[in-house]
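Dear colleague,

I am passing on the structure we spoke about, with some notes on what turned up in it. Please look through it alongside the text below.

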Amino acid sequence: MTTNESTPAARPLAGAHALLVGANGLIGNAVARLLVEAGARTTIAARDADALDALRTALLGGRPGAEVTVHAVDVRDDAAVADLVLDASGPDGLDVAVNNVGLSHRPAPLEQLDLAVIDDVLAVSLRGVLVCLRAELGAMADGGSIVNVASSAGLAAAPGMSAYVAAKHGVVGLTRTSAVDHAARGVRVNAVAPGPIESGPIMRLGAEERDHVGQHVPLRRMGSANEVAQAVVWLASPAASYITGTVLAVDGGKRAGGA
Ligand SMILES: NC(=O)c1ccc[n+]([C@@H]2O[C@H](COP(=O)([O-])OP(=O)(O)OC[C@H]3O[C@@H](n4cnc5c(N)ncnc54)[C@H](O)[C@@H]3O)[C@@H](O)[C@H]2O)c1
């Protein structure tokens with residue numbers, strides 16, 4: 001998709017073929033909603049087919065003309081990822097892809113982390129993302145855009161989170177390298193690096209513990225799924241047409257403050 005100055009700002013992705021991998025969970029749900037509101041023909045993918053169906057129903061409600069396709073996938077299955085990307089592509093390929101898939105682990109020093117846990121985290125959060133990215137790059141229409149959801153743990157140390165940190169640093173490196181490799185044909189590849197966000201495993205903490213996490217952020221709160229999704233969809237859109245290879249921190253100032 002190329003920059004089109006006549007595209008209405010309210011629907012910057014009108015008609016685009018978009019794929020969101022990791023659509024379940026609050027961040028995934030919020031990205032899905034904003035992609036659909038931006039006018040993209042959106043394929044939502046994750047492991048839980050029932051949750052995807054419920055999300056599709058919610059996305060279509062009150063949005064006449066919205067196009068949402070459900071595709072259950074496990075990113076550890078290379079052939080299934082290839083099918084997914086084919087299914088999500090239009091006649092000219094994919095215009096937008098968002099890789100939000102990720103798996104974390106309980107904090108522990110590396111020597112105490114179970115090797116099976118490490119394998120799971122790397123299989124989903126690094127290799128899974130790499131396999132998605134590889135297939136998407138092969139299917140990307142000229143001028144298309146990919147956004148990977150990394151983490152502040154992809155830019156700095158996160159105590160006790162070695163396997164997750166390794167995976168997310170890998171996602172940041174893949175983002176930068178793919179951006180350079182594909183810039184000549186106008187394909188942009190960027191990442192967002194969320195700090196603590198009200199979504200996923202963090203929601204299993206008690207309210208007091210979550211409050212404590214928020215107080216260590218310069219803005220004195222955790223971020224919302226919607227705040228991450230806004231950054232993702234902006235980077236995916238023509239509004240960010242001269243931005244590639246960047247990692248946008250959505251972290252309430254955590255990185256800037258060295259927290
Ligand atoms: N919540 C936070 O504080 C935070 C902070 C930084 C980065 N992130 C990143 O944001 C993204 C979303 O995280 P979240 O917090 O909403 O967590 P989540 O667990 O709710 O979402 C993870 C998503 O990945 C999908 N997924 C997991 N394993 C999969 C597999 N094998 N195959 C296909 N899909 C699979 C899940 O279905 C879900 O859609 C992740 O990449 C996470 O690392 C989250």
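Which residues of helix 3 (residues 78–88) are buried? This is a predicted model, in which local features need pLDDT of at least 70 and side-chain atom pairs count only at pLDDT 80 or more, while totals for chains, interfaces and linings use all residues. Residues are numbered from 1 along each chain as its sequence is written, and side-chain values use heavy atoms, with hydrogens and water left out.

The buried residues of helix 3 are Val81, Leu84, Val85 and Ala88, where buried means under 20% relative accessible area and exposed over 50% (1.4 Å probe, protein chains only). Because they cover an arc of only 95 degrees around the axis, they lie on the same side of helix 3, the arc being that of the directions from the helix axis to the C-beta atoms. On the other side of helix 3, Ala79 and Leu86 are exposed. Helices (H or I, at least four residues) and strands (E, at least two) are DSSP runs, numbered from the N terminus.

The buried residues pack against strands 1, 2, 3 and 4 and against helix 4 (115–139), contact meaning heavy atoms within 4.5 Å.

As for the sheet, it is open, with 7 strands in the order 3-2-1-4-5-6-7 and parallel pairing; two strands pair if DSSP finds at least two bridges between them. Strand 3 and strand 7 (247–250) stand at the edges, each with a single partner strand, so one side of each is left without a neighbour in the sheet.
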